[in-house]
Amino acid sequence: MHEDCPVCPGIISSHKPVTSQASRKEVLDRKDVCSIMPSMKDVAIPTVVGLGAFLAAPYVLSAIGFTSAGIAAGSVGTKAMSFAWTTGWGVGAVSSLQSAGAAGIGLASKALIGGTAAVCANKARGN
């Protein structure tokens, strides 16, 4: 048994790690909660990363030069705009970032950024 598991004591007599689809089915049939529940780290790290991205998005946008007054001179935004207009690539992205910098990022966009960051953090951990 797992000593640190608040769910398992007294429910089953032994734990086996889930190694294949067949053993996973066996575990689910036995109601072995510990082997299928995600750990606190598996949930907390993507949540913190996603929340951080959600809160930081407007500040990052301003930091790279897309401000409410327009694109800041000498910034990454200026270089991106120059590249986009010179090559024709990324014009829509620069326009969208300029618009978001001027008008602010909406709740739905911040939620999308935060959710994407959380999924990327989860995938980077190998889950």
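Ser95 has its place in helix 5. Helices (H or I, at least four residues) and strands (E, at least two) are DSSP runs, numbered from the N terminus. The model is a predicted one, in which local features need pLDDT of at least 70 and side-chain atom pairs count only at pLDDT 80 or more, while totals for chains, interfaces and linings use all residues. Residues are numbered from 1 along each chain as its sequence is written, and side-chain values use heavy atoms, with hydrogens and water left out.

Ser95 counts as partly exposed because its relative accessibility is 36%. On this scale buried means under 20% relative accessible area, exposed means over 50%, and partly exposed lies in between (1.4 Å probe, protein chains only). Lys41, a residue of helix 3, is exposed, with a relative accessible area of 56%. Ser75 sits in the loop between strand 2 (70–71) and helix 4 (76–87) and is buried, its relative accessible area being 11%.

Each of these residues can be paired with another position along the chain, as tabulated here.

| Residue pair | Separation along the chain | C-alpha to C-alpha distance |
|---|---|---|
| Ser95 and Met81 | 14 residues | 8.5 Å |
| Lys41 and Arg125 | 84 residues | 9.9 Å |
| Ser75 and Ile64 | 11 residues | 6.1 Å |

Contact means heavy atoms within 4.5 Å. Leaving aside residues up to four places away in sequence, Lys41 touches Pro46 and Arg125. With the neighbours up to four places away again not counted, Ser75 touches Ile64 and Gly65.

The protein chain has six helices and two strands, and their order along the sequence is α-α-α-β-β-α-α-α. Of its 127 residues, 21% count as buried. Among contacts in the chain with a separation of 6 or more, 48% are accounted for by residues 24 or more positions apart.

Two packed helices are described by the angle between their axes and the distance between the axes. For helix 3 and helix 6, the axes come within 7 Å and cross at roughly 145 degrees. Axes are lines fitted to C-alpha atoms, for helices over the stretch in contact, and angles run from 0 to 180 degrees between N-to-C directions. The crossing of helix 3 and helix 6 is right-handed; a crossing is left-handed if the near helix is turned anticlockwise from the far one by less than a right angle, and right-handed if clockwise.

On the helix 3 side, the residues that meet helix 6 include Pro46, Val49, Ala53 and Phe54. Their counterparts in helix 6 include Leu107, Ile113, Ala117 and Asn122. The residues of this contact between helix 3 and helix 6 divide into 12 nonpolar, three polar and two charged. Ala, Val, Leu, Ile, Met, Phe, Trp, Tyr, Cys and Pro count as nonpolar, Asp, Glu, Lys and Arg as charged, and the others, Gly among them, as polar.

The second largest pocket holds about 180 Å³ of space. On a 1 Å grid over the protein atoms alone, a pocket is an open set of points where a 1.4 Å probe fits, with protein on both sides within 12 Å along at least five of seven lines; lining residues have an atom within 4 Å of a point. Grid points are joined across faces, edges and corners, and a volume is the space filled by probe spheres set on the points.

Which residues line the second largest pocket? They are Ala57, Val60, Leu61, Ile64, Leu97, Ala100, Ile105, Ser109 and Ile113. Helix 3 (40–63), helix 5 (91–103) and helix 6 (107–124) are the elements that give two or more residues to this lining. The largest share, three residues, comes from helix 3. By class, the lining has eight nonpolar, one polar and no charged residues.
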